[in-house]
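Please look over the model shown here before reading on. The points that follow take up its strand pairing and then a loop.

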Amino acid sequence: ETMKNSKLIRTGVIILFAAALAGSIGYQNYVKKMQVGRIMNAADKLDTLVNLHFVTSTTDESEQEGTSGISTEVWADLDSKKWVAVYSSIEGDNVIIYQSQMYDGEKSYGINESVDEWTELAQTTDEIPYFSTLNTFYYNEDDFTNVKVTTEGETTVVTATLSEAALEKVQEDGVESANQTYLTYVENGQTDEAESAKLLLDCAKQTTVTSIEVSYT
């Protein structure tokens with residue numbers, strides 16, 4: 001009789017554990033769906049704003065070179081289309097500004113380490129840097145795994161890791177982009193540029209992307 005009760009209790013624990021595990025998976029999918037929807041809604045609402053301030057950054061980590069990347073901070077007036085952008089390079093813990101650009105509604109200006117004051121640029125760029133990336137949600141729900149949400153005060157950060165299928169697509173897109181650049185130089189007869197592009201293409205083919213983490217604030 002004691003053995004029978006023991007077996008019943010043990011079975012009950014297994015069932016509860018399985019139910020809890022299934023509930024956890026369902027909750028993760030719910031969080032993923034809700035947060036992807038939240039990001040998409042925020043992207044749709046950007047066009048309704050007047051003043052916009054945002055930062056977008058991309059960093060890579062490799063065994064040989066450590067952490068490196070670029071960061072862009074933008075201030076924009078969506079009514080007048082005027083904007084200012086500050087570009088920085090990221091090397092480990094160091095963030096170094098290397099260039100700034102500005103569009104005053106008519107002309108573009110730039111400043112960098114070799115220029116002491118704002119200088120009018122030959123080519124006018126009225127498009128707000130990275131705005132098209134910001135208000136177009138590139139990923140879909142299936143591209144994400146391990147969605148985490150942290151909140152501090154009024155700030156919410158949604159972090160997710162790209163799935164294996166999404167990683168494969170990133171790698172394929174990288175090779176295709178490098179190949180198109182190489183072919184363009186070849187077609188234009190730009191031998192030196194084609195040679196450099198060929199090296200980049202070879203690197204893209206040999207590079208293995210092991211993980212990509214995306215975060216939205």
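**Notes on the sheet and a loop**

1. G69 stands opposite I90, which belongs to β3. β2 and strand β3 (residues 83-91) pair in the antiparallel sense, over nine bridges. Two strands count as paired if DSSP finds at least two bridges between them. Strands (E, at least two residues) and helices (H or I, at least four) are DSSP runs, numbered from the N terminus.

2. The model is predicted: local features need pLDDT of at least 70, side-chain atom pairs count only at pLDDT 80 or more, and totals for chains, interfaces and linings use all residues. Residues are numbered from 1 along each chain as its sequence is written, and side-chain values use heavy atoms, with hydrogens and water left out.

3. An open sheet is formed by six strands in the order β1-β2-β3-β4-β5-β6, with antiparallel pairing. Its edge strands are β1 and β6 (119-120), each of which pairs on one side only. In a regular strand the side chains alternate between the two faces of the sheet.

4. Twelve bridges link strand β1 (residues 51-62) with strand β2 (residues 66-77), in the antiparallel sense. V55 has E73 in β2 as its bridge partner. The hairpin that joins β1 to β2 runs through three residues.

5. The hairpin of β2 and β3 has five residues between the strands, and K81 takes a positive phi near 70° there. β3 also pairs with strand β4 (residues 94-103), in the antiparallel sense and over nine bridges. In that pairing E91 stands opposite N94 in β4.

6. Where does Y139 lie? Its place is in the loop between α2 and β7. Y139 is buried, with a relative accessible area of 18%; buried means under 20%, exposed over 50%, and partly exposed in between (1.4 Å probe, protein chains only). Not counting residues up to four places away in sequence, Y139 touches F144, L162, V214 and Y216, where contact means heavy atoms within 4.5 Å. Y139 and L162 are 23 residues apart along the chain, and 9.2 Å separates their C-alpha atoms.

7. D143 lies in the loop between α2 (131-134) and β7 (144-152). D143 is buried yet has no salt bridge, that is, a side-chain nitrogen of Lys or Arg within 4 Å of a carboxyl oxygen of Asp or Glu. The nearest side chain of opposite charge is K169, 7.4 Å away; Lys and Arg count as positive and Asp and Glu as negative, while His and the chain ends are not counted. With residues up to four places away in sequence left out, D143 touches T161, L162, S163 and A166.
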